[in-house]
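The sequence and the model are shown first.

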Amino acid sequence: MALLLDQIEWGDPILPAVDDPAWEAEAKRRVGRVGEIDRRVAPNPWIRELCVACVSYRPTHVPARLFNIAGFVTAQENACRYCYGANRAALKVMGFSEALIRQIEHDAAVADLDARERAVIAFCRNLARAKPRPSRAALEQLVGLGYSKATANELALLIASFCFYNRVGVLTACPPERAFERFANGPLGRVMGVVAPLTMSLTTLLRRPPRAVADDATALAAGPFGEIVASLAGLPAARIVKVALDGAFASQVVSRPTKALMFAIVGRALDCRYTEAESRALLAADGYDAAAVDAAVHTLADSRLPPREAALLPWVRDTVHYQTAAIQARTRALLNDIGPAATLEAIGVAALANGMVRLAMLLA
């Protein structure tokens, strides 16, 4: 069973908060506030952009209620104290009772949720855990319960993005948003909990039907892991994911072969042939043949990589399934070896790889 909030061991911050007034102003404009996590990822352009995109994204097919439940359940499964606390507080502000939240936390049969919502919770937990990683058939089961294909696909995308964001929180040991948690449990939070359901109902009534996004599937498929990105065609998130992948592999903070091998290792760990095949294609462009990739993925080592990046291969394997305190300790040791810039980039790549492998369930 997933840990409860007070059961998660959480260390001191691994990366420092960095003041970047221009970026903080941009994040505040798009999200409404600057979170602890924004200050810790500020030095890396593609990671900070994706983190803000994750928080500011508003689903076009998944209802707000399910969106928030999914974020809460996924954070619990990934044992991210930062995200778990913030999502729990958000549910309180949205009008969820403490009793209902506790029932969801304990994975109990909840009378206040219908069968379709309970199925979504189970799907969130299974995809976040990935033990084993669900296949396309799990999405088809949601469609069989009455959800549209677009809703099911967007839900998978949301869980993958939550898995990315949760790992950034875990691997940076980001301090919880204590002020927001206190607010949600205080008098004003309780007032908002009464008003929020009425506001959501009105918003639902006034909401326009979602519009399909006219994507160029060929353009989406160009670049790293294009087949997975193209499977999101029609969702606004497709372009967000493409920009993130392009930015990650264009960055020179960590070498491109190291990043491709990190993706291959996560793909192998979760038995994702699509991710592993795409990683091999990237590595072939850097002179790796099949035997070289096999050796690196099997031994978690490759002599051709820059020496300071050697530790990233065994480390990324441990980001797939982890004990929070243990992976934070390993990441802290990594910081001492390679410095803050490379550690932050490695965190972003590991988090992105874990999200993309889960998202690849859209393909099979």
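## Aromatic rings and helix packing

Phe-225, Phe-249 and Phe-263 are joined into a cluster by ring pairs. Rings of Phe, Tyr and Trp (its six-membered ring) pair if their centres lie within 6.5 Å; planes under 30 degrees apart count as stacked, over 60 as edge-to-face and the rest as tilted. The model is predicted: local features need pLDDT of at least 70, side-chain atom pairs count only at pLDDT 80 or more, and totals for chains, interfaces and linings use all residues. Residues are numbered from 1 along each chain as its sequence is written, and side-chain values use heavy atoms, with hydrogens and water left out.

By the ring rule, the count is five aromatic pairs. Two of them are given below.

| Pair | Centre to centre | Angle between planes | Class |
|---|---|---|---|
| Phe-67 and Phe-162 | 5.8 Å | 50° | tilted |
| Phe-249 and Phe-263 | 5.4 Å | 50° | tilted |

Phe-67 belongs to helix α4 (residues 64-77) and Phe-162 to helix α9 (residues 149-172), and this pair links distant parts of the chain, 95 residues apart. Helices (H or I, at least four residues) and strands (E, at least two) are DSSP runs, numbered from the N terminus. Both Phe-67 and Phe-162 are buried, where buried means under 20% relative accessible area, exposed over 50% and partly exposed in between (1.4 Å probe, protein chains only).

In the other pair, Phe-249 is in helix α14 (residues 237-250) and Phe-263 in helix α15 (residues 256-269), so parts 14 residues apart in sequence are tied together. Phe-249 is buried at 6% relative accessibility, and Phe-263 is buried at 1%.

Helix α7 (residues 115-129) packs with helix α8 (residues 136-144) at an angle of about 170°, and their axes are 10 Å apart. Axes are lines fitted to C-alpha atoms, for helices over the stretch in contact, and angles run from 0 to 180 degrees between N-to-C directions. The two helices, α7 and α8, are therefore roughly antiparallel (angles under 35 degrees count as roughly parallel, over 145 as roughly antiparallel, 65 to 115 as roughly perpendicular and the rest as oblique). Ala-119, Val-120 and Phe-123 of α7 meet Ala-138, Leu-139 and Leu-142 of α8; contact means heavy atoms within 4.5 Å.

Gly-35 sits in the loop between α1 (21-31) and α2 (36-41). With 1% relative accessibility, Gly-35 counts as buried. Neighbours within four places in sequence aside, Gly-35 is in contact with Tyr-82 and Glu-177.
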